[in-house]
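Colleague: Could you take me through this structure step by step, beginning with the chain as a whole and then turning to single residues?

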Amino acid sequence: MPVASLLPFTATPNRKSASPTSFRLTEKFILLLVFSGFITLCFGAIFFLPDSSKLLSGVFFRSSSVEAETRTGTVTTREKKKNKLPLFVGKSKREGNLKCTNPLEHMMQFSWDNYKRYAWGSNELRPVSKQGHSSNLFGSLKGATIVDALDTLYIMEMYDEFEAATEWVEMNLDFNMNAEISVFEVNIRFVGGLLSAYYLSGKEVFRRKAVELGEKLLPAFKTPTGIPWALLNLKSGIGRNWPWASGGSSILAEYGTLHLEFMHLSELSGRPVFAEKVMNIRKVLNRLDKPQGLYPNYLNPNSGQWGQHHVSVGGLGDSFYEYLLKAWLMSDKTDEEGKKLYYDALQAIEKNLIRKSSGGLTYIAEWKGGLLEHKMGHLTCFAGGMIALGADGGPDDKTGHQMELAAEIARTCHESYARTSMKLGPEAFRFDGGVEAIATRQNEKYFILRPEVIETYMYMWRFTHDPKYRQWGWEAVQALEKYCRVEGGYSGVRDVYANTPNHDDVQQSFYLAETLKYLYLLFSDDDHLPFEHWVFNTEAHPLPVIKKQNVEIANHLK
Ligand code: DMJ
């Protein structure tokens with residue numbers, strides 16, 4: 001409807017008798033009034049917006065020039081076009097009725113509210129059937145989503161929700177139970193989540209609970225070699241390994257992903273035992289021969305010998321490599337051994353596992369007794385971020401080369417999303433039988449809200465400020481909204497190549513801990529949890545760098 005037709009006098013008989021000039025003046029006056037009212041409203045809205053929403057109007061989604069020191073030199077770039085990302089319309093208590101809301105906060109709010117409504121205290125939410133869900137990873141431990149989400153709530157300034165979660169931890173989080181748990185999963189989600197919540201909020205309850213849980217995990221290390229069991233009964237202290245693991249072995253990505261949390265447990269408790277346990281794992285590994293410089297996924301905790309020679313930078317191997325690099329970074333670059341182990345391992349991975357497809361896509365294959373399986377897992381996609389994070393510390397000035405490699409892996413992982421109907425990536429994709437970056441087996445076509453691809457976009461954005469990483473992140477947001485959002489939360493899907501989603505009915509706790517947090521950070525300023533001060537554990541829980549001077553002071557006081 002034209003504006004003029006809204007004006008009350010347009011149909012009055014007087015209009016006909018008045019001179020054209022006087023009419024134009026009256027119309028102009030009323031139009032002026034309408035416009036000035038509109039402008040006043042807009043300014044008012046900006047003043048009353050919460051800070052995080054103001055970010056959206058130019059800072060959160062940068063639309064101005066970006067000055068940055070990137071891995072390829074100091075550059076001043078202007079983002080090519082104004083970021084025209086759509087805004088959500090939300091009505092949460094923080095948002096009021098304003099249209100400008102942060103979409104990631106909105107998604108977090110939706111995931112959290114539904115978990116709270118239908119599954120409060122359970123480990124995870126079933127968003128379709130609207131009830132609680134628990135996998136056997138946590139035994140009868142409770143509240144995985146609450147503990148995993150604590151820091152994301154805090155970082156997104158959802159303080160009321162953070163308080164409710166804190167109260168639940170104080171009143172209900174109990175480790176004194178006859179529960180057989182996965183040491184790795186409980187460490188990365190519960191210990192990691194509690195440590196981050198402590199460092200962000202300073203609330204003593206989180207420190208206390210983290211140390212208490214750390215102590216409960218110590219019996220897992222009672223093996224002839226000190227390589228921990230995968231599973232542990234928290235009450236009896238009896239451990240064992242996964243029945244499916246080669247020759248009763250422990251798994252590289254499990255026993256190799258305790259280091260960051262255990263170093264912090266020693267920091268916070270003043271008890272060296274935690275650090276000693278993880279440093280001993282290094283010693284055992286250092287004594288072993290590595291085939292082609294690679295680390296097999298299976299290691300027998302009784303004999304200290306490798307099991308099957310399977311090597312992977314995805315499932316069963318992934319976060320072991322991540323923690324070598326991050327151990328060095330988290331030690332304020334004093335852990336020289338961690339540094340050497342990481343760069344040596346990366347060199348062996350490049351030589352033996354990294355390949356380029358005929359279509360020009362770089363991928364990381366799996367290695368089975370010397371033979372390559374040309375398959376890359378969604379889990380492996382975290383490696384783009386890891387290689388970018390380590391790019392400027394390696395020997396022989398390889399920064400440029402490693403940044404290129406990281407960018408190529410990010411591109412391949414983006415392709416694995418782009419080549420599906422839903423624009424979400426499959427669990428594993430292949431580079432054989434005439435396909436590239438596509439899942440060919442039905443049981444590899446699912447997407448369970450995993451974070452690794454977005455994690456890599458976030459690191460790549462921080463180091464390059466190439467706007468394509470935000471664009472790719474935004475594509476993922478749109479796909480999540482379209483295919484994974486259901487009435488009661490967000491759900492995984494069984495086949496990303498189908499046209500309509502078949503939901504798996506699980507809202508994984510890492511969706512709140514990692515996927516939404518990395519998306520939020522992808523669209524935040526670089527000084528939000530800056531990398532000089534924070535290292536993310538493998539569940540995206542930020543842990544502070546232990547500063548050199550503190551270590552020196554502590555040593556001096558001994
Ligand atoms: C998370 O629990 C962690 O990122 C872990 O290292 C690997 N798998 C999931 C998410 O995909």
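Modeller: Gladly, and please keep in mind that this is a predicted model. Among the contacts in the chain with a separation of 6 or more, residues 24 or more positions apart account for 66%.

Colleague: How many helices and strands does the chain have, and what share of its residues count as buried?

Modeller: The chain has 20 helices and 20 strands. Its accessible surface comes to about 23,700 Å², of which 54% belongs to carbon and sulfur atoms. Of the 558 residues, the share that counts as buried is 58%.

Colleague: Which residue joins its side chain to that of Thr538 in a polar contact of 2.9 Å?

Modeller: Leaving out residues up to four places away in sequence, Thr538 touches Phe184, Ile188, Thr257, Ser319, Glu322, Tyr323 and Glu514. The polar contact of 2.9 Å joins the side chain of Thr538 to the side chain of Glu322.

Colleague: Which residues surround the ligand, and how much of the area that the ligand exposes when taken alone does the protein bury?

Modeller: The ligand is surrounded by Ile188, Arg189, Leu379, Arg450, Pro451, Glu452, Phe510, Glu514, Thr538 and Glu539. An N or O atom in the side chain of Arg450 is 2.7 Å from an oxygen atom of the ligand, a polar side-chain atom of Glu514 lies 2.9 Å from an oxygen atom of the ligand, and for an N or O atom in the side chain of Glu539 the distance to an oxygen atom of the ligand is 2.5 Å. Taken alone, the ligand exposes 300 Å², and the part of this that the protein buries is 92%.

Colleague: In the open sheet with the order S5-S6-S7, why is one side of each edge strand left without a neighbour?

Modeller: This open sheet has three strands with antiparallel pairing. Strand S5 (180–182) and strand S7 (239–240) stand at its edges, and one side of each is left without a neighbour in the sheet because each has a single partner strand.

Colleague: How many bridges join S5 to strand S6, and which residue in S6 stands opposite Ile181?

Modeller: S5 and strand S6 (residues 231–233) run antiparallel and are joined by three bridges. The residue in S6 that stands opposite Ile181 is Leu232.

Colleague: How far apart in space are Ala406 and Gly385, C-alpha to C-alpha?

Modeller: Ala406 is found in helix H16 (residues 399–418), and Ala406 is buried, with a relative accessible area of 0%. Not counting residues up to four places away in sequence, Ala406 touches Gly384, Ile387, Ala388 and Met460. Ala406 and Gly385 are 21 residues apart in sequence, while in space their C-alpha to C-alpha distance is 6.7 Å.

Colleague: Which residue has the backbone nitrogen that the side chain of Ser266 reaches at 3.0 Å?

Modeller: Ser266 is found in helix H11 (residues 259–269) and counts as buried at 12% relative accessibility. Leaving aside neighbours within four places in sequence, Ser266 is in contact with Arg271, Pro272, Val273, Phe274 and Ala275. The backbone nitrogen that its side chain reaches at 3.0 Å is that of Ala275.

Note on methods: Residues numbered from 1 in each chain as written. Predicted model: local features only at pLDDT ≥ 70, side-chain atom pairs only at ≥ 80, totals over all residues. Heavy atoms only, no water. Contact = heavy atoms within 4.5 Å. Polar contact = N/O pair within 3.5 Å; in protein donor to acceptor, adjacent residues only side chain to side chain. Near = heavy atom within 4 Å. Areas by Shrake-Rupley, 256 points an atom, 1.4 Å probe, with all protein chains shown as cover. Helix = DSSP H or I, 4+ residues; strand = E, 2+ residues; numbered from the N terminus. Buried < 20%, exposed > 50% of the residue type's maximum accessible area, 1.4 Å probe, protein only. Pairing = 2+ DSSP bridges.
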